Amino acid sequence: MSMQNILEAIQSGAAGDDIANLPLPESFRAAYVLREEQEMWAGYASEDKDPRKSLHVGEVATPEIAPDEVYIAVMASSINFNTVWTSIFEPLSTFNFLDRLGKESAWGARHRQDFHVVGSDASAVVLRVGSAVRNWKPGDHVTVHCNYLDDQDPSAHDDSMLAANQRIWGFESNYGGLADLSIVKANQLMPKPAHLSWEEAAVNALCASTSYRMLVGNHAARMKQGDNVFIWGATGGIGAYGVQLVLNGGGTPVGVVSSEHRVKLLEAMGCEHAIDRRAENYQFWSDEHTQDESEWRRLGKKVRSLIGDDPDIVFEHPGRSTMGASVFIAKRGGTVVTCAATSGYMLEFDNRHLWMKLKRIVSSHFANYQEAWNMNQLIGQGRIQPVMSEVFTLDQVGEAALKVHKNQAEGKLGVLCLAPEAGQGITNPERRAEIGEDKITLFARHARGEL
Ligand code: NAP
């Protein structure tokens, strides 16, 4: 039996029982990096490392599933920045994560391989469920969030992101979503929004849930109605969901981007206050060791000129290049919420501006199941739209990862896995029409130059 037979059964609308009886293939197509190549970029600068050379697409053997896991046929996935990190083996090789997981348990040992199948997003059809799975069955259309954890550990039972063994699926575990088949825990599944295509449904979970926790959930910035929120990378993966969450929650976003083209997209999203950081030419670092406070001040003035106030919340992720400015421009008593450090993780800011003005820096990382579920629901309700600008095939995964690495893409890049072409998988076209094709496809239309 091949994945092609499984695809035909899915496309012909086979009943769940029939899907459950389909034999699984002994191997499946997947995108992976190789342990034997983990030193391949020694001596290269980050920007010269090319994911097209390190990401391979080929067959890997189908693993067994644990009782609390399911097999899914992955219809589509997406590129996240973590796949870029894995492919350039920075800041460390992700085989370290697989080796650690491999030591934890017999089931964990399946993950310690000489290949690492990457990808932390998926829209999919459930094929088989393990004996301990209760809420899902073969044939279910699902999306997958990437919080992968052992729920037998007490530390996983307050906020599961605090679990001692919390991992990101497809980054810190093997058998990720950039493949035709995957294994995931039942507690990673969520219902697929019926009005979206496979690829539109696949791009959301990782980035949208991250932004939800940063801004809306109980554990980070806890935005209020009326808050002014300053968002770096406002048309990027997490930023574009951040902008939508602020608008949806009655706040005012100030979005930062790096081109006129992206300013136009922000305007089309309903974000009235945009800053083009390239045009403004901010130079927060005057040299490698010194920051220029007058440049922070210039940014602060710009924000005040737009909204008449300082931001209650700064949505931070570029890291070293922007953290000094982020701490400076936040309002007295305001919050800088950070989930990343794309430009460098050794951060510097002037602590006087933090303590004297009673600001706080709050860390955030992905989302717990409830937060991911709440975000998935907002997407299902059509209140938050997917931000997919382009679609690639699985064979083009390296090219897609390179675009994200080079900051050449807006929003998210979808990747077709088992779905043979874009536009399939919409099971509620009436709902789609009500929400509006134009809203759902805004990022794709912008990428095609149609705005
Ligand atoms: P993305 O789609 O590439 O977007 C990032 C945006 O940041 C870019 O569009 C760019 O916008 C802006 N940017 C990049 N470098 C910058 C710099 N030096 N100064 C100012 N702005 C800069 O990436 P993403 O998916 O949004 O992810 C962003 C970061 O968050 C990555 O490091 C990723 O690994 C991390 N992340 C963490 C989590 C978590 O759970 N902790 C989850 C998702 C993502 P402009 O050029 O238009 O300004």
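Colleague: What distance separates the C-alpha centres of domain 1 and domain 2?

Modeller: Those centres are 29 Å apart. This is a predicted model, where local features need pLDDT of at least 70 and side-chain atom pairs count only at pLDDT 80 or more, while totals for chains, interfaces and linings use all residues. Residues are numbered from 1 along each chain as its sequence is written, and side-chain values use heavy atoms, leaving out hydrogens and water.

Colleague: How do you know which residues belong to which domain?

Modeller: The bounds come from an automatic or database domain assignment. Domain 1 covers 3-207 + 367-447, and domain 2 covers 221-363.

Colleague: What does "buried" mean for domain 1 and domain 2?

Modeller: Buried area is the accessible area (1.4 Å probe) that two parts lose on being put together, summed over both. Here that comes to about 1,600 Å², with 63% of it on carbon and sulfur atoms. On the domain 1 side, Cys-207, Ile-384 and His-446 lose the most area to domain 2, together 30% of what that side buries.

Colleague: Why is the pair Glu-410 and Arg-262 called a salt bridge?

Modeller: The term needs a side-chain nitrogen of Lys or Arg within 4 Å of a carboxyl oxygen of Asp or Glu. The N to O distance for Glu-410 and Arg-262 is 2.7 Å, so the pair qualifies. Across the interface of the two domains, the rule finds 1 salt bridge.

Colleague: Which elements give two or more residues to the side of domain 1 that touches domain 2?

Modeller: They are α4 (81-87), α14 (369-380) and α18 (442-447). Helices (H or I, at least four residues) and strands (E, at least two) are DSSP runs, numbered from the N terminus. The largest share, 3 residues, comes from α18.

Colleague: What makes Pro-91 and Tyr-175 worth a look?

Modeller: Most residues other than glycine have a negative phi, and most peptide bonds are trans. The bond from Glu-90 to Pro-91 is cis, with omega near -15 degrees, and Pro-91 sits in the loop between α4 and α5 (95-104). Tyr-175 is not a glycine, yet has a positive phi of about 60 degrees.
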